[in-house]
Amino acid sequence: MHYFTRKSIVIAAGGVFFAILPLLAASFGKEYLVSLFSRILIYSIAAVSLDLLLGFAGLISLGHAAFVGVGAYTVGIFFFHGFEAQPLFGFIPGSENGLIVFPLAMLISALFALIIGALSLRTSGMHFIMITLAFAQMTYYFSVGLEKYGGDDGLSLYSRNSFPGLDLSRDYHFYYLCLILLFLFLIFIYRLVNSRFGLVIRGASSNSRRIQALGVNPYHYKLACFVIAGAGAGLAGALLANQTEYVSPGLMHWTVSGELMVMVLLGGLGTIFGPVLGAATFLLLEEFLTMYTEHWMLYMGPILVLVVIFAKRGVFGLLAGLERRHD
Amino acid sequence: MTDHILQVKALCKSFGAVEASRNIYFDVCRGHIHALIGPNGAGKTTVLNQLSGDILPDGGRVIFDSEDISRIKPYLRAAKGLARSFQITSVFENLTVEENLALSIICHNGHNFRFWKNCLKDKDVQDHLPDALMRVDLTEKAKQQAKYLSHGEKRQLEVGMALTGKPKLLLLDEPMAGQGAGGTVELSKLFQRLKKTLTIVLVEHDMDAVFKLADRITLLVYGEAIVTGTPDEIRQHPEVRTAYLGED
Ligand SMILES: Nc1ncnc2c1ncn2[C@@H]1O[C@H](COP(=O)(O)OP(=O)(O)OP(=O)(O)O)[C@@H](O)[C@H]1O
Ligand SMILES: [Mg+2]
């Protein structure tokens, strides 16, 4: 009984859809969809990680793209040093092995999040939004200044990373890698939100004074949350670098952070699975609208306004019924 | 020598021109219910806030279990065994009743950097949650979001949360307010039972309840602690009659 709620049916249907999408694309002869949907899966990971901050920890971060960018640059820089056979800082060998650079991308993004979070979390409200934005812009300009890695122009990878048993140059392999990583990440976040840690996070965002009266300093929990979200964004960045075989400062621009935020709101704030729908809706609309007009944002805007006004839990809330956030 | 769990010495606090606490002294004996009474605006909540750490005093000391806690953060005081309820009900509105109580249970049992296991299946929670719900009579509302509770139920929940940590000292700011007659009786019984295991500082306007429950009473007027004594002494005290009980 419990397993056949409307919500679980929507989630299962979504899972099946993504699992068989490459087959559908092939049978309709539209192979390009595989690469479009890979992109959707990647942005989903980033959006889900942002939902952890926005929807559960109550932390309005407007700099999330910075961590995506750091993850992407990690992959790019390690690839560059491997390709040129010239160790990073003179002693760290480069690598194009996904099993090495993916965890590294997450780790380095997490480190960035630790530093940025440690400082930003001393503020709250409007100040927090502004300071995360400022840090993200600093990271952006820092990457512009990386002359060695192409500066403004960015850095090309000459191939995708290698993974044992996979050939990422084949779009189907790459798609399923993205899907598996998103799946694992969703499970992790789902468990996290319902764990002891998750309860403290949700409590701290609901009533900070109360949680302190219970003997908890919310700072450390929020920081840990920020770091986890940063690592998730780093993973998305590593995948993005592989998909486009190219990294550039543009990945970190604040408009990208804004787009991630839109995906979360569109899909359903605080719903974990919603941001996947949000990313899909956003990127499909973008794809569709840009066929007709350059000013596609002009049409995206009203759609977003309507969703935000009429569907508090976004597209996911519409499909899954207006359930409470935590069940 | 009596065993004082809490000593307040020369507490001073001003908000601009308002002197909300003027050189306040009082001691609370372990195991007592110690009431703070006084007219509206007398400074009762301000005293509680300085005990819990939500407000820092301008001067004076708060000594809890022989340790000066006057300047430490609220969460550190809570960790030392000081729990409170707020005058304006303060629960986790977005969480369910059981999550509210589960949260107060886990906050008092070790660290919470546990990322995987469902919190409601956690051993500490499973051990204590049923009792915690029962104690404040909210078992039937366990799955309901706190924001949909009635005012009285929120109060019960808040008291329940304050109790789950097995605090040594409980600070209650008008727990009876907004409770019907039945609720007041229930809460009185609960406090009476609790007295055996902990100490309570009770701010309350319901004089019947106060005189029945309290072992000691401190009267505050215009930020000053005028007198501390047993209910009988307080009842006889001339200042009480004029200042508070509305007799001339
Ligand atoms: N944060 C604040 N800023 C300015 N003035 C304050 C503040 N908190 C309390 N006061 C003032 O301090 C005085 C004491 O207020 P307090 O809330 O402690 O009274 P109280 O005894 O709890 O009253 P009540 O019975 O109405 O709850 C009042 O004059 C109040 O206006
Ligand atoms: Mg008050």
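Reply: The account may begin with charge. Chain A carries 18 positive and 16 negative side chains, and the centres of these two sets are 21 Å apart. In chain B there are 31 positive and 32 negative charges, and their mean positions are separated by 5 Å. The model is a predicted one, and every value given here has been computed from it.

Consider chain A as a whole. Its secondary structure consists of 13 helices and two strands. The radius of gyration of chain A is 20 Å, close to the 20 Å that the globule rule gives for 327 residues, so the chain is as compact as a globular protein of that length. Taken along the principal axes, the C-alpha atoms of chain A fill a box of roughly 55 × 50 × 40 Å. Of its 327 residues, 56% count as buried. Among the contacts in chain A with a separation of 6 or more, 75% join residues 24 or more positions apart. The chain exposes about 14300 Å², and carbon and sulfur atoms supply 69% of that area.

Chain B may be described in the corresponding terms. It has nine helices and ten strands. A compact globule of 248 residues would have a radius of gyration near 18 Å, and the 18 Å of chain B agrees with this. The C-alpha trace of chain B spans about 60 × 40 × 40 Å along its principal axes. In this chain 53% of the 248 residues count as buried. Residues 24 or more positions apart account for 64% of the contacts in chain B that have a separation of 6 or more.

The meeting of the two chains is the part you asked about. The contact draws on 29 residues from chain A and 41 residues from chain B. Between them, the chains bury about 3200 Å², of which 60% lies on carbon and sulfur atoms. On the side of chain A, the residues A:Arg196, A:Arg210 and A:Leu214 supply 28% of the area buried against chain B, more than any other three residues.

One residue of chain B shows this contact in detail. B:Asn49 belongs to helix H1, which covers residues 44–52 of chain B. Leaving aside residues up to four places away in sequence, B:Asn49 touches A:Arg209, B:Asp54, B:Ile55 and B:Arg84. Its relative accessibility is 9%, and because buried means under 20%, B:Asn49 counts as buried.

B:Asp65 lies in the loop between strand S4 (59–64) and strand S5 (67–68). Its phi is near 50 degrees, a positive value in a residue other than glycine. With 24% relative accessibility, B:Asp65 counts as partly exposed. B:Asp137 is placed in the loop between helix H4 (123–135) and helix H5 (151–164) of chain B. For B:Asp137, phi is near 65 degrees, again a positive value in a residue other than glycine. At 60% relative accessibility, B:Asp137 counts as exposed, because that term applies over 50%.

Notes: Residues are numbered from 1 along each chain as its sequence is written. Chains are lettered from A and ligands numbered from 1 in the order in which they are written. This is a predicted model: local features need pLDDT of at least 70, side-chain atom pairs count only at pLDDT 80 or more; totals for chains, interfaces and linings use all residues. Side-chain values use heavy atoms; hydrogens and water are left out. Helices (H or I, at least four residues) and strands (E, at least two) are DSSP runs, numbered from the N terminus. The radius of gyration is taken over C-alpha atoms; the globule rule is 2.2 Å times the number of residues to the power 0.38. Buried means under 20% relative accessible area, exposed over 50%, partly exposed in between (1.4 Å probe, protein chains only). Contact means heavy atoms within 4.5 Å. Lys and Arg count as positive and Asp and Glu as negative; His and the chain ends are not counted. The place of a charge is taken as NZ of Lys, CZ of Arg, CG of Asp or CD of Glu. Buried area is the accessible area (1.4 Å probe) that two parts lose on being put together, summed over both. Accessible areas come from the Shrake-Rupley method with a 1.4 Å probe; for residues, only the protein chains shown count as cover.
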